[in-house]
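Q: Could you take me through this model slowly, giving the general idea behind each feature before the particular case?

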Amino acid sequence: MNTKNNRRRRDSVEKIERAFIELLQTKELKDISVTDICKETGLNRSTFYSNYLDVYDLADKVIEKIEGEFFELFDHKPNEKDGAVIMFTHIKENQLFFKTYFKLNYDEKHTIYNYDTERARRDFGDKNIKYHIEFFRNGLNAIIKLWLAGGCEESPEEIAEILKQEYRGR
């Protein structure tokens, strides 16, 4: 029985997602086919299509999973310093997923973190808040991308401190 949560289906979904992420490291999304994924996984096309509409649907679902896992980290409302270390630790432990996230340019459509707009309004006022938010979002993304490109050589604590220094503790 091919129910949504049976073990065989979950295993197939994991294989498909893993193969997709691996293929993305050497190919562009537009160049990845269902056939490529099926060859990598040894699964039938029908198994792929019972879980996804196409490769783009798979990409969307992988990104939803990455974002969902990321947001779960902050369910307990850590303080600012702990939050940055938690975020960077998770990114370091899941480098391939985050490289995929940025390679698919989802950072331009979504945000992997919840920006505290109320705090920004207190610190910066309403007049130019949209510019501040955009500046911060792009700056943080640039730091993460650079860190990932370097293999996350610095510790999560060091990167959190770099972010704090750039943000000047606001």
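A: A polar contact is a pair of N or O atoms within 3.5 Å; within protein, one must be able to donate a hydrogen and the other to accept it, and residues adjacent in sequence count only if both atoms are side-chain atoms. Helices (H or I, at least four residues) and strands (E, at least two) are DSSP runs, numbered from the N terminus. This is a predicted model, in which local features need pLDDT of at least 70 and side-chain atom pairs count only at pLDDT 80 or more, while totals for chains, interfaces and linings use all residues. Residues are numbered from 1 along each chain as its sequence is written, and side-chain values use heavy atoms, with hydrogens and water left out.

Q: Which backbone nitrogen does a side-chain oxygen of Asp54 reach at the start of α4?

A: At the start of α4, that oxygen of Asp54 comes to within 3.1 Å of the backbone nitrogen of Tyr56.

Q: Which residues are buried in α4?

A: Buried means under 20% relative accessible area, exposed over 50%, and partly exposed in between (1.4 Å probe, protein chains only). In α4 the buried residues are Val55, Asp57, Leu58, Ala59, Val62, Ile63, Ile66, Glu67 and Phe70.

Q: How many aromatic pairs does the structure hold?

A: Rings of Phe, Tyr and Trp (its six-membered ring) pair if their centres lie within 6.5 Å, and planes under 30 degrees apart count as stacked, over 60 as edge-to-face and the rest as tilted. The structure holds four such pairs, among them the edge-to-face pair of Phe48 and Tyr49, at 5.3 Å centre to centre and 85 degrees between the planes. Phe48 is buried because its relative accessibility is 1%.
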